[in-house]
Amino acid sequence: MADITRRLGWRHLRGAPTAHIRHHRSGKLLHDGPGLSFWFRALTAALSEVPVDDRELAMTFHARTSDFQDVAVQATVTYRISDPALASARLDFSVDPDTGVWRGAPLEQLGTLLTETAQQHALAVLARTTLSSALVDGVTAVRERIAAGLGAEPRLPATGIEVVAVRVMAIRPEPEVERALRTPAREQIQQEADKATYERRAVAVERERAIAENELDSQIELARREEQLVDQRGTNARREAEEHAAADGVRAEAEATRTVRLADAEAARSVRLARAEAEGSREVGDARAYAQAAWLRVHADVDVATLNALTGTRLAENLPNIDSVTISPDVLTGLLARLGAGGGEAGA
């Protein structure tokens, strides 16, 4: 859209580099070219703005294949206006001198022309193609047919239009048909996934079996080594027991020998001691007998009174010490009675 400003009844237009401006006044062409800037009067000026940049036209249309299946075609056509004078003469690119806005819809008309032309050629190709072929190779065939058809279309050069490129993004069937077509592939993918799962499980089972066999072999080897260890321990225990038994026998024999020797020594010592004690007893007896005989010989010639005195002396030597004597009245009375009785007998 052109940039137009007002100044005291005059208008100033400033165009973009990608917009071709044509200015007529009274049927005469005053300005013609892209990116122009000039003053004009709105009452006498006729302005046209034709874009000369590349334009992208996206289109989506439906078609039917040879097996009566509906498909949707998504395509994009890149075009440009190569002859702005011819395009402005065939299409209404005039702009309002006050606002710079197109009075008509030239790009929509141009888009309708390109879309219908491209759709016509695409329908011609898909009508002779089955759905499966259209989904596999239809994109290339439709693109080539649209490009060739637009290139051979006489209305486009006559309007000053040049097609730069044609792209077909997708050809898609209806959602129900697309789901039905996806089912076999999904089933096959699922089967392959299941097969891979089964193979993976089989490999896992095989590995587990190998691991179990290795563990069993390890356990068998361990049991065999434990058996060897038990046998070796038994052999060592028997050898140790035999050695201990031999050592105990040697110690017992030595102890017995020592005990016999000690017993012999003790017996000899006891015999010697008994002999010594018997000899001592005999000598003591002889000494006592000799002493007794000597004592008797000494006292044989002593009179009775002397013997009584000696007896009393010996008895007194053997009596215990008496510190005090307590005489009770009864004892004293009896003693006095005796003394009195004794005195009476003496007087008589």
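Buried means under 20% relative accessible area. I keep that cut-off at hand for the entries below. The model is predicted.

**Entry 1: His-121**

I looked up His-121 and found it in helix H2. Is His-121 buried or exposed? His-121 has a relative accessible area of 15%, so it falls under the 20% cut-off and is buried. I then listed the contacts of His-121, leaving aside neighbours within four places in sequence. They are Arg-145, Ile-146, Gly-149 and Leu-150.

**Entry 2: the rest of H2**

I went on to the whole helix. H2 runs over residues 106-126 and has 21 residues. From its first C-alpha to its last it reaches 30 Å, close to the 30 Å expected at 1.5 Å a residue.

Which residues of H2 are buried? I noted Pro-106, Leu-110, Gly-111, Leu-113, Leu-114, Thr-117, Ala-118, His-121, Ala-122, Val-125 and Leu-126. An α-helix has 3.6 residues a turn, so residues three or four places apart point the same way. I read the list of buried positions with that in mind.

What covers the buried residues of H2? The cover includes strands E7 (55-64), E8 (70-81) and E10 (161-173). It also includes helices H3 (131-152) and H4 (155-159).

**Entry 3: the cores**

I searched for nonpolar cores next. The largest has 32 residues. Leu-110, Leu-126, Val-142 and Ile-146 have the most contacts inside it. E7, E8, H2, H3 and E10 each supply at least two residues of this core. The largest share, seven residues, comes from H2.

Leaving aside its neighbours within four places in sequence, Val-142 is in contact with Val-73, Ala-122, Val-125, Leu-126, Val-168 and Ile-171. A second, separate core has nine residues, including Ala-2, Ile-4, Phe-38 and Val-95.

**Entry 4: Ile-4**

Ile-4 is buried, because its relative accessible area is 13%. Ile-4 and Asp-98 are 94 residues apart in sequence, yet their C-alpha atoms are 6.7 Å apart in space.

What does Ile-4 touch, not counting residues up to four places away in sequence? I found Arg-11, His-12, Leu-13, Phe-40 and Leu-47 among the residues it touches. Asp-96, Pro-97, Asp-98, Thr-99 and Gly-100 are also among them.

**Entry 5: Arg-80**

I turned to strand E8, where Arg-80 has its place. Arg-80 is partly exposed, with a relative accessible area of 27%. Val-52 is 28 residues from Arg-80 along the chain, and their C-alpha atoms are separated by 6.0 Å. Not counting residues up to four places away in sequence, Arg-80 touches Val-52, Asp-53 and Asp-54, and also Gly-160, Ile-161, Glu-162 and Val-164.

**Entry 6: positive phi**

I checked backbone angles. Phi of Ser-26 is near 60 degrees, a positive value in a residue other than glycine. Ser-26 sits in the loop between strand E3 (19-25) and strand E4 (28-34). At 70% relative accessibility, Ser-26 counts as exposed.

Phe-68 gave me another case: its phi is near 60 degrees, a positive value in a residue other than glycine. Where does Phe-68 lie? I found it in the loop between E7 and E8. Phe-68 counts as exposed, because its relative accessibility is 65%.

**Entry 7: aromatic pairs**

I searched the whole structure and got two aromatic pairs. Phe-93 and Trp-102 form one that is edge-to-face, at 6.1 Å centre to centre and 70 degrees between the planes. Phe-93 is buried, with a relative accessible area of 1%, whereas Trp-102 counts as partly exposed at 28%.

**Entry 8: the annotated coiled coil**

The unreviewed UniProt entry carries the annotation "coiled-coil region" over residues 195-222. In the model, that span is 100% helix and 0% strand. Its end C-alpha atoms lie 39 Å apart.

**Entry 9: the whole chain**

I closed with totals. The protein chain has seven helices and ten strands. Of its 348 residues, 22% count as buried. The chain exposes about 24,400 Å², and carbon and sulfur atoms supply 55% of that. Among contacts with a separation of 6 or more, residues 24 or more positions apart account for 64%.

Note on methods. Residues numbered from 1 in each chain as written. Predicted model: local features only at pLDDT ≥ 70, side-chain atom pairs only at ≥ 80, totals over all residues. Heavy atoms only, no water. UniProt positions renumbered as here; feature names shortened; annotations may be inferred. Helix = DSSP H or I, 4+ residues; strand = E, 2+ residues; numbered from the N terminus. Buried < 20%, exposed > 50% of the residue type's maximum accessible area, 1.4 Å probe, protein only. Contact = heavy atoms within 4.5 Å. Areas by Shrake-Rupley, 256 points an atom, 1.4 Å probe, with all protein chains shown as cover. Expected span 1.5 Å × (residues − 1). Core = buried A, V, L, I, M, F, W, Y, C linked by side-chain atoms within 4.5 Å. Phe/Tyr/Trp six-rings, centres within 6.5 Å; stacked < 30°, edge-to-face > 60°.
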